[in-house]
Amino acid sequence: MEYIIKNGNVYDPLNKIDGEKVDISIKDGKIVDSVSADAKEIDASGQIVMPGGIDPHTHIAGAKVNVGRLIRPEDSKKDTEFSKPDSGKRAGTGFSVPSTFMTGYRYAQMGYTTAMEAAMPPLLARHTHEEFHATPILDHAAFTLLGNNWFIMQYLKEGDIDKAATYASWIIKATKGYAIKIVNPGGTEAWGWGGNVHGIDDPTPYFDITGGEIIRGLAEVNEMLRLPHSIHLHCNDLGHPGNYETTLASLDLPKGIKVDPVTGSRKTSVHATHIQYHSYGGTNWRDFVSEAPTIADYVNKNDHITIDIGQVTLDETTTMTADGPMEYDIHTLNGLKWANCDIELETGSGIVPFIYSPKAPVPSVQWAIGLELFLLVDDASKVCMTTDSPNGGPFTRYPRVFSWLMSNKAREDMLENKVHKWAEKRTSLATIDREYSFYDIAQISRSSPAVVLGLSDTKGHLGVGADADIAIHNFNIDNQDPSADYGAIESSFQRSSYVFKDGKIVVQDGEVTIPNHHGRTFWVDSLYNAELEKQVVSEVENVFKQYYSVNFENYPVQDEYVLKPAPINGIKEAGK
C-alpha cells in the first residue's frame with residue numbers, strides 16, 4: 001500500500017529538517033519522491049514526525065537475558081501484555097527484562113524500529129539469533145564479544161595483527177555478528193582466575209597482555225576489516241569511584257588509528273558505551289563525585305569518539321553484563337541474588353537485581369551524571385540515547401529521559417523534591433540550563449545511532465530511499481511548551497500515534513496492529529585473508545578438541561538461524 005503523511009512537523013537531522021511541514025511518501029517499504037492519487041493519507045496535523053528510533057546498545061536477546069528473566073519472577077509482575085484471541089499478539093511479562101514478544105511490542109509503541117543486542121558470546125550466538133526470531137517488528141544485530149577471547153589475546157600477545165584480524169573476520173561471520181564488542185578487556189578472563197584487572201596496564205593472567213593492548217589491537221583490527229561500526233568499548237573499572245582516569249586513558253588508545261575511507265560517513269575509531277558508569281571521581285563511595293564535565297570536555301575536543309550514555313532512571317531493575325567481576329562487586333554491595341556464567345575461552349557474565357532509589361545518595365549522583373553528559377557534550381551527533389537497558393533502567397523509560405532533557409523545570413523538580421541532595425552538591429547538573437529541542441531528541445535517538453552504526457544510508461532519516469520506518473507522536477509544538485509541559489513529552493513518546501515499519505502501520509493510537517512483523521538481522525560478511533583463514537580455522541578446531549565442551553561443527557550459526565538476513569560487506573581479501 002502507498003501512504004502519504006501530511007501536515008506533520010518533521011524532525012530529520014540527517015536532512016536538516018527542523019520542525020518543517022514536509023510531506024512524506026511511502027511505497028514498497030521505502031520513502032519515495034511521490035505516490036499515486038490512490039495513496040492513503042495520514043493526517044499528522046498537530047503532531048511531530050521522526051524517523052523510527054534506533055537503540056545502539058541494549059540487552060534483549062541471548063543467554064544472560066534469559067537468566068535475568070529466570071531469576072527475577074518478581075519483575076514479571078510489574079508489566080504484563082495480555083492478548084485477545086483474535087489479535088495475533090502474544091502475551092508476555094517483564095518490566096526490566098521483558099519477554100521477547102513484549103520487547104518488540106514495547107519498543108514499537110515508543111516509535112523504535114531498530115535495536116542492537118550489545119553483547120553476544122560467540123559460543124551462544126545461535127541462542128541469540130533464536131531469540132531474535134521471537135522478537136517481533138524490530139530490525140536488529142548483535143555485537144560479538146572479543147575483548148576476553150583466548151584467540152584474540154594470544155594473537156595480539158604474539159604481535160600477529162594479521163592473524164587477529166583473520167580470526168575476528170571469521171568469528172564475526174561465523175556468529176552472524178555485526179561489531180567488535182570489548183568488555184572490561186582482560187578483566188573478565190581474570191575473573192575466571194578469581195580476580196580482575198584495574199586500569200589498562202594490569203596484565204591478564206596467563207596471557208600476560210594488558211587491557212590497553214587489547215583495546216589498541218582490536219581498534220586496529222576493526223579498521224583493517226572495514227567494519228561499519230567502531231570498536232564498541234566498555235572500559236575497565238566500570239562503576240568504580242575514580243575510574244574517569246582509566247576512561248580517558250582508554251579513549252586515547254585508538255586516537256590516530258586511520259579509519260578506512262570505505263567506511264563512508266564514519267570518521268571515528270571508538271564508540272564508548274554507557275559512559276555514565278565510567279565518569280566517576282573520588283576514591284570511594286563516601287567521597288564519590290561526578291567527573292562528567294571532564295569526560296564531556298574530552299568528547300567535545302576529540303573527533304575520533306562517539307558515546308552513548310547509560311542513563312540511570314531511578315528504578316528497580318536488573319543489571320547484566322559480560323563484566324563478571326563487576327557484577328560480583330554489585331552483589332557484595334547490595335546482598336541481592338547473583339548469577340554468574342563463564343563462557344568457555346571467550347567471555348563471562350553476571351546478573352544481579354539492583355534498586356536505584358532516588359532517596360539514596362549514590363544512585364542520585366549517577367542519575368545526575370548521565371544528564372550532565374547529555375547536556376555538556378556540545379554536539380548531539382556525538383551522543384546516543386541509551387540506558388544500557390536494563391542496567392541503568394529499562395528501555396521503556398526513554399520517554400522519561402527525553403522529558404528530563406527537554407525541560408529544565410523537570411530537572412529542577414527532581415533535584416528539589418525527589419532525589420538525594422548529593423545530586424545537587426556533587427554534580428554540576430543544577431547549574432546547567434540547556435534544554436534539548438525535538439531536533440536534538442531526533443539526533444540522539446535516530447540520526448546519531450544510524451551514523452554511528454554505519455546504517456545511515458537507509459536508517460535514521462526520512463529522505464528518499466530510506467526504509468519507511470517512521471514514528472508520529474502526538475505533541476503540538478504550536479500550543480504546547482515542552483519545557484513546561486514535560487509530562488506530555490513522556491506520554492507522547494511512550495505511546496506513538498502511528499509507527500510505520502517497512503512501510504506498514506505496526507502501531508496505531510499506541511496499540512500494536514501487526515504483531516507478527518519480522519525485522520531484518522544485520523551482520524557483517526567479510527574475508528580478510530582466505531589462505532590465512534584456513535590456517536586460523538585449523539588452529540581454532542584444534543583448540544576446540546582440547547578445551548571446548550561442544551564440537552566445532554556445532555559452533556557456527558547456519559543461515560537457517562537468520563530469518564531475514566541483511567548482510568553488510570566488510571573487507572573482501574586485504575590487498576586485492
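**Figure 1. Helix H13 and helix H17 pack against each other.** In this predicted model, the axes of helix H13 (residues 398–406) and helix H17 (residues 486–494) come within 8 Å and cross at roughly 145 degrees. Helices (H or I, at least four residues) and strands (E, at least two) are DSSP runs that are numbered from the N terminus, while axes are lines fitted to C-alpha atoms, for helices over the stretch in contact, with angles running from 0 to 180 degrees between N-to-C directions. H13 passes H17 in a right-handed crossing; a crossing is called left-handed if the near helix is turned anticlockwise from the far one by less than a right angle, and right-handed if clockwise. On the H13 side the contact is made by Pro399, Arg400, Phe402, Ser403 and Met406, and on the H17 side by Tyr486, Ile489, Glu490, Phe493 and Gln494, where contact means heavy atoms within 4.5 Å. By class, this contact has 6 nonpolar, 2 polar and 2 charged residues, with Ala, Val, Leu, Ile, Met, Phe, Trp, Tyr, Cys and Pro counted as nonpolar, Asp, Glu, Lys and Arg as charged, and the others, Gly among them, as polar.

The model is predicted, and local features need pLDDT of at least 70, side-chain atom pairs count only at pLDDT 80 or more, and totals for chains, interfaces and linings use all residues. Residues are numbered from 1 along each chain as its sequence is written, and side-chain values use heavy atoms, with hydrogens and water left out.

Figure 2. Ser389 and Pro390 are joined by a cis peptide bond, with omega of about 5 degrees. Pro390 belongs to the loop between strand S22 (383–384) and H13.

Figure 3. The open sheet has 3 strands in the order S19-S21-S20, and the pairing is antiparallel; two strands pair if DSSP finds at least two bridges between them. Strand S19 (316–321) and strand S20 (339–343) are the edge strands, each pairing on one side only. Neighbouring strands of this sheet are turned by 15 degrees against each other on average, direction ignored. Helix H1 (residues 63–70) packs on the sheet and touches S19, S20 and S21, its direction making about 150 degrees with that of S19. Helix H11 (residues 324–334) also lies across S19, S20 and S21, running at about 25 degrees to S21. Between S19 and strand S21 (residues 347–355), which run antiparallel, there are 6 bridges, and Glu316 has Ile355 in S21 as its bridge partner.

**Figure 4. Four strands form a sheet with mixed pairing.** Here 4 strands form an open sheet in the order S5-S4-S1-S6, with strand S5 (30–32) and strand S6 (40–43) at the edges, each pairing on one side only. The twist averages 30 degrees from one strand to the next. Strand S1 (residues 3–6) pairs with S6 in the parallel sense over 4 bridges, and Tyr3 has Lys40 in S6 as its bridge partner. With strand S4 (residues 24–27), S1 pairs in the antiparallel sense over 3 bridges, and the partner of Ile4 in S4 is Ser25. In the loop between S4 and S5, Asp28 has a positive phi of about 55 degrees although it is not a glycine.

Figure 5. The largest cavity has a volume of about 60 Å³; on a 1 Å grid over the protein atoms alone, a cavity is a set of points where a 1.4 Å probe fits but cannot get out, and lining residues have an atom within 4 Å of a point. Grid points are joined across faces, edges and corners, and a volume is the space filled by probe spheres set on the points. The lining consists of Phe132, His133, Thr135, His140, His518, Gly519, Thr521, Leu563 and Lys564.

Terms used: On a 1 Å grid over the protein atoms alone, a cavity is a set of points where a 1.4 Å probe fits but cannot get out, and a pocket is an open set with protein on both sides within 12 Å along at least five of seven lines; lining residues have an atom within 4 Å of a point.
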